[in-house]
Amino acid sequence: ALAFPPRQPFLLPLAPGDTFRRISFARVAKGEVPAALIRDKIILVGAAAGGMGDIYTVPSSAGGLMSGVQIQANLLNALLSGRIIASTPPNLLIIFSMVPTWLAMGGFLRLKPAANLRLSLIMLVAIVAISLVALLWGHLWFPPAAALLGILLVHILWGWRRLTATGQFMERQAGKLSADPRV
């Protein structure tokens, strides 16, 4: 059950600009619109014409620009249909961001370099998939950037560390060989 208003901040899913029917108020006032078209409907009145000053920037998937009344229509539609997108609680977001990094570090300790690359790629895809599934089916937004960045940083730092260790080993071996008078 949705509480009105929602008790915590939420994200608003925006439908494209042409989703909601727009009828000129002047046409309704003149009686040019059939009564059956607006009977038992929720009607929002507002300026939607260009140059009226009530235009806001929205994501390009929703059209790029949207009037205030269209944003209100999206808000009302999301509240009535229960499609609001909840923000992730901070503690859950920290866990979602840190667990993949810890799993990658544990895997890197036990796996070979080729397997580490596969592990990193699988985890990157899994993080994005979990975020999308939570958004599409759970109406919960897990921003994946921190978890993705954690995996990438671990992979880069682990690779750097392995190269450093390999370089030091090669230097020690070269030093032993150069100290041997037979070589």
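Mentor: Helices (H or I, at least four residues) and strands (E, at least two) are DSSP runs, numbered from the N terminus. The model is predicted, so local features need pLDDT of at least 70 and side-chain atom pairs count only at pLDDT 80 or more, while totals for chains, interfaces and linings use all residues. Residues are numbered from 1 along each chain as its sequence is written, and side-chain values use heavy atoms, with hydrogens and water left out.

Trainee: What is found just after α5?

Mentor: His139, which takes a positive phi of about 50°.

Trainee: And which residue takes a positive phi just after α3?

Mentor: Gly82, with a value of about 70°.

Trainee: Now the sheet. In what order do the strands come?

Mentor: The order is β1-β4-β5, an open sheet of three strands with mixed pairing; two strands pair if DSSP finds at least two bridges between them. β1 (10-11) and β5 (140-141) stand at the edges with a single partner strand each, so one side of each has no neighbour in the sheet.

Trainee: How many bridges join β4 to β5?

Mentor: Two, and these strands run parallel, β4 covering residues 85-87. Ala86 has Leu140 in β5 as its bridge partner.

Trainee: Moving to helices: at what angle do α5 and α6 pack?

Mentor: About 170°, with the axes of α5 (residues 113-138) and α6 (residues 145-179) 9 Å apart. Axes are lines fitted to C-alpha atoms, for helices over the stretch in contact, and angles run from 0 to 180 degrees between N-to-C directions. The two helices are therefore roughly antiparallel (under 35 degrees is roughly parallel, over 145 roughly antiparallel, 65 to 115 roughly perpendicular, the rest oblique).

Trainee: Which residues of α5 and α6 meet?

Mentor: On the α5 side, they include Met123, Leu124 and Ile127, and on the α6 side Leu148, Ile151 and Trp158 are among them; contact means heavy atoms within 4.5 Å. By class, the contact has 11 nonpolar, three polar and one charged residues (Ala, Val, Leu, Ile, Met, Phe, Trp, Tyr, Cys and Pro count as nonpolar, Asp, Glu, Lys and Arg as charged, and the others, Gly among them, as polar).

Trainee: Which residues of α5 are buried, then?

Mentor: Among them are Ala115, Ser131 and Ala134, where buried means under 20% relative accessible area, exposed over 50%, and partly exposed in between (1.4 Å probe, protein chains only). Their cover includes α4 (90-110), β5 and α6.

Trainee: How far does α5 reach from its first C-alpha to its last?

Mentor: With 26 residues, α5 reaches 36 Å, close to the expected 38 Å; the expected span is 1.5 Å times one less than the number of residues. Helix α4 has 21 residues and reaches 31 Å, close to the expected 30 Å.

Trainee: Lastly, what do the buried residues of α3 pack against?

Mentor: They pack against β1, β2 (55-57) and β3 (65-67); Val69, Ala73 and Leu79 are among those buried residues.
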